[in-house]
Amino acid sequence: MPEHSHETDTIDIHTHYVPHGWPDLRADAGPQAPWLRVESETDAMIMLGSRKFRRIGAECWDASARLKDMDADGIGMQVVSPTPAFFHYGRSGAEAARIARIFNDLALDIVAPAPDRLVPFCQVPLQDPDAACRELERCLANGHRGVEIGNHVGDHDLDSAGVVTFLQHCALLQVPVFVHPWDMDDSPRLRRWMAQWLTAMPAETHLSLLAMILGGVFDRVDDRLKICFAHGGGSFALWLGRMDNAWRGRPDVVGTSAHPPSHYIGRFHVDSVVFDPRALRLLVDTYGAGQVMVGSDYPYPLGERPVGRVVRESDFLSPEEKASIRRGNAERFLGLAG
């Protein structure tokens, strides 16, 4: 268990919630609709139809459990985002909108006990840009501060016309967007060792960033767009040189953006949940300390505990850089800074 910290000055940009139950979704989500099998006051299993998906604890829905962990880790504020399994981008826009409304309203109940510390992000039916914009505006009016989206909608990446329309709407409204990988490829090779999470998930994030750049999204969308990519941006930073080289060497195929990929690194943020000081150093060297924010993936088992440990223990960061990564960057991202 983490040692108790008397400092609570860090903002955690990447956490998730699950409500303690919700209405029957089979009419909108089909026979594999998610439901919660409650096994005790502090233990439950997310079910997808008859299949077990993930065991969770009370920290997913209980603000007091969250606050206890936050105090222990020195976290002053969490961004509380949906769990991507509930996005339902494969259903119709109307079905996904009804599901989003249920979870978004339940999220507000979860964060209500600590409005100064728990910042809700909503989900939207991204497969229907008009419905997505409507649900975003409804949620903002009700108290949500931003939106979490998946990194693709079926075979459509973030450069698809509908997603670009939604991102432009977010830019105009100055709404922060958090991109989380989901719905990874599945195969026998990826079912061993949680390989979907250990290889496919970073690759999905890398691909979504590539789509934003080579698909011309950053060239088209207002530069006021505030967007952050989970898990350190996947493997993107490691291969930025390879992508620049390809942009110059094969412009007939890769030269689809106005500039080489490295030109766009100031247009997005990444979180810090990379677990190793060497990986964090690559992020800071590549993107700059002003583009990295503490994230943890709390409360799931593959997250970082204590939250922000790698940032705090990295001796290559100056006190000013640590302060930016731990809080300052997130304050600007969330619109909290003056």
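## How confident is the model?

The average pLDDT of the chain is 93, and 97% of the residues score at least 70. Where pLDDT is low, predicted coordinates should not be read in detail.

## The sheet of eight strands

Look for an open sheet built from eight strands with parallel pairing. Going across, the order is E1-E5-E6-E7-E8-E9-E10-E11. Which strands stand at the edges? They are E1 (10–16) and E11 (292–293). Each has a single partner strand, so one side of each is left without a neighbour in the sheet.

Now zoom in on one pair of neighbours. Strand E8 (residues 177–180) and strand E9 (residues 227–229) are joined in the parallel sense by three bridges. Here you can find Val179 opposite Phe229 in E9. Helix H11 (residues 319–333) packs on this sheet and touches several strands, including E8, E9 and strand E6 (118–122). The direction of H11 makes about 70 degrees with that of E1.

## The sheet of three strands

There is also an open sheet of three strands, in the order E2-E3-E4, and here the pairing is antiparallel. The edges are strand E2 (34–40) and strand E4 (51–57). Both have a single partner strand, so one side of each lacks a neighbour in the sheet. On average, neighbouring strands of this sheet are turned by 25 degrees against each other, direction ignored.

Between E2 and strand E3 (residues 43–48), the antiparallel pairing runs over six bridges.

## Two helices side by side

Two packed helices are described by the angle between their axes and the distance between the axes. For helix H3 (residues 93–111) and helix H4 (residues 129–142), the axes come within 11 Å and cross at roughly 15 degrees. That angle makes H3 roughly parallel to H4, and the crossing is right-handed.

Which residues meet here? From H3 come Ala100, Arg101, Asn104, Asp105 and Leu108, and they meet Glu135, Arg138, Cys139 and Asn142 in H4. By type, the residues of the contact of H3 with H4 are three nonpolar, two polar and four charged.

Definitions and conventions
Residues numbered from 1 in each chain as written. Predicted model: local features only at pLDDT ≥ 70, side-chain atom pairs only at ≥ 80, totals over all residues. Heavy atoms only, no water. Pairing = 2+ DSSP bridges. Helix = DSSP H or I, 4+ residues; strand = E, 2+ residues; numbered from the N terminus. Axes fitted to C-alpha atoms, helices over the stretch in contact; angles between N-to-C directions. Parallel < 35°, antiparallel > 145°, perpendicular 65-115°, else oblique. Left-handed = near helix turned anticlockwise from the far one by under 90°. Contact = heavy atoms within 4.5 Å. Nonpolar A, V, L, I, M, F, W, Y, C, P; charged D, E, K, R; others polar. pLDDT = per-residue confidence, 0-100.
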